[in-house]
Number of protein chains: 2
Amino acid sequence: MEEKLREHIQKRVPLTDDEFAFVLAHFTLKKYKKHQFLIQEGEPVSYSYFVVSGLLKLVYTDELGKQHIVSFAMEDWWETDFQAYFAQTRATMSLDCLEDTVVFCLSLENYHKLCAGLQRFERFFLQLTIAGSIAAQRRILSLLTTQAKERYEQLFNQYPTLIQRVPKTLLASYLGVSRETLSRLSD
Amino acid sequence: MEEKLREHIQKRVPLTDDEFAFVLAHFTLKKYKKHQFLIQEGEPVSYSYFVVSGLLKLVYTDELGKQHIVSFAMEDWWETDFQAYFAQTRATMSLDCLEDTVVFCLSLENYHKLCAGLQRFERFFLQLTIAGSIAAQRRILSLLTTQAKERYEQLFNQYPTLIQRVPKTLLASYLGVSRETLSRLSD
């Protein structure tokens with residue numbers, strides 16, 4: 001478990017054994033079963049999560065009760081309701097397990113301690129956030145410019161394993177298309 | 001001009017006079033006229049831009065030649081083709097002026113020098129990027145969940161001055177709605 005986190009960070013910044021021990025001391029490991037919630041809408045957001053194994057979905061429920069998939073998160077991804085996490089407000093989204101999932105949890109207090117105590121961790125987190133921003137910009141562009149078919153193909157090319165692991169109804173919600181449209185596309 | 005940059009950074013991290021002088025030495029000031037391009041699609045992306053005054057649009061042109069507004073940037077905002085800037089690849093989008101515009105330009109080399117030389121600047125940039133990521137996530141949610149009318153109202157409430165300064169056709173493109181739909185909404 002620990003090695004996955006270390007490899008993930010070391011893809012971006014080097015770490016000595018002592019530095020990694022310092023990093024690791026700020027995380028707690030938790031295991032969740034399929035269908036369990038890590039974040040519930042309306043509740044405080046205690047952690048940011050690094051996914052060791054499994055699959056999560058971040059969901060926004062609109063006023064009519066319709067669910068929208070904001071993102072999926074599988075191995076090697078970070079996920080939380082970032083707005084609520086950093087502002088320490090209540091969650092506007094929920095995060096729950098599509099598969100049994102193992103995560104490393106980082107509280108905001110420990111995040112700040114880590115950044116203050118180890119400049120390399122702050123640098124790692126900046127690089128991670130820049131990559132996330134760029135991915136978000138690509139998704140905006142995809143929602144603005146492309147038709148359902150292209151969006152499905154883009155997702156398929158980018159994350160082929162994700163498509164196999166996620167139920168079609170949820171994929172359709174993520175892509176902003178109807179379940180019927182998705183069935184036509186993925187046949 | 002310099003004071004605007006200093007105030008902008010100091011909203012997030014404190015800076016001594018010496019530290020700000022160090023920061024400022026890494027930027028160059030440039031002035032552009034309305035309609036001039038800062039970034040052209042297919043060209044290298046030399047800078048990230050902090051807008052001192054004026055208004056920019058970041059535009060993606062699809063295969064059919066249709067233009068899509070990825071974002072606007074006015075006073076106090078940063079803009080560039082971030083993917084191309086950080087990867088030092090060629091621009092997939094263009095950035096041009098909707099008004100006469102003054103910007104501080106930061107090359108990637110100077111960005112790295114600044115982060116290496118002043119930890120507070122790296123912290124500032126991390127906070128800025130986190131805020132940008134959260135805004136991007138909200139925009140994704142808005143594109144997935146809301147109808148044209150709500151999107152227009154959200155934008156109006158968030159950036160009332162932007163709506164007055166941007167031509168309706170471009171607002172429609174940003175919101176992903178037709179020009180006709182926008183006219184009905186904004187009457």
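**Exercise 1.** How many of the eight residues of strand 5 (residues 67-74) of chain A are buried?

*Solution.* The model is a predicted one, in which local features need pLDDT of at least 70, side-chain atom pairs count only at pLDDT 80 or more, and totals for chains, interfaces and linings use all residues. Residues are numbered from 1 along each chain as its sequence is written, chains are lettered from A and ligands numbered from 1 in the order in which they are written, and side-chain values use heavy atoms, without hydrogens and water.

Step 1: a residue is buried under 20% relative accessible area, exposed over 50% and partly exposed in between (1.4 Å probe, protein chains only). Step 2: strands (E, at least two residues) and helices (H or I, at least four) are DSSP runs, numbered from the N terminus. Step 3: seven of the eight residues of strand 5 of chain A are buried, and the strand is mostly covered.

**Exercise 2.** Describe how strand 4 (residues 55-61) and strand 5 of chain A pair.

*Solution.* Step 1: two strands pair if DSSP finds at least two bridges between them. Step 2: strand 4 and strand 5 of chain A are joined by seven bridges in the antiparallel sense. Step 3: Y60(A) is opposite H68(A) of strand 5. Step 4: the hairpin of these strands has five residues between them, and G65(A) there has a positive phi near 85°.

**Exercise 3.** Find the strand order and the edges of the open sheet in chain B.

*Solution.* Step 1: four strands lie in the order 2-7-4-5, with antiparallel pairing. Step 2: strand 2 (37-39) and strand 5 (67-74) of chain B each pair on one side only, so by the rule that pairing takes at least two bridges, they are the edge strands. Step 3: two bridges join strand 2 to strand 7 (residues 94-97) of chain B, and I39(B) has L95(B) as its bridge partner.

**Exercise 4.** Check the length of helix 5 (residues 119-145) of chain B.

*Solution.* Step 1: the expected span is 1.5 Å times one less than the number of residues. Step 2: for 27 residues this should give 39 Å, and the end C-alpha atoms are 39 Å apart, which agrees. Step 3: 19 of the 27 residues of helix 5 of chain B are buried.

**Exercise 5.** Which residues form a salt bridge between E122(B) and chain A?

*Solution.* Step 1: a salt bridge needs a side-chain nitrogen of Lys or Arg within 4 Å of a carboxyl oxygen of Asp or Glu. Step 2: the rule finds two across the interface of chain B and chain A. Step 3: E122(B) pairs with R123(A), the closest N and O atoms being 2.6 Å apart.
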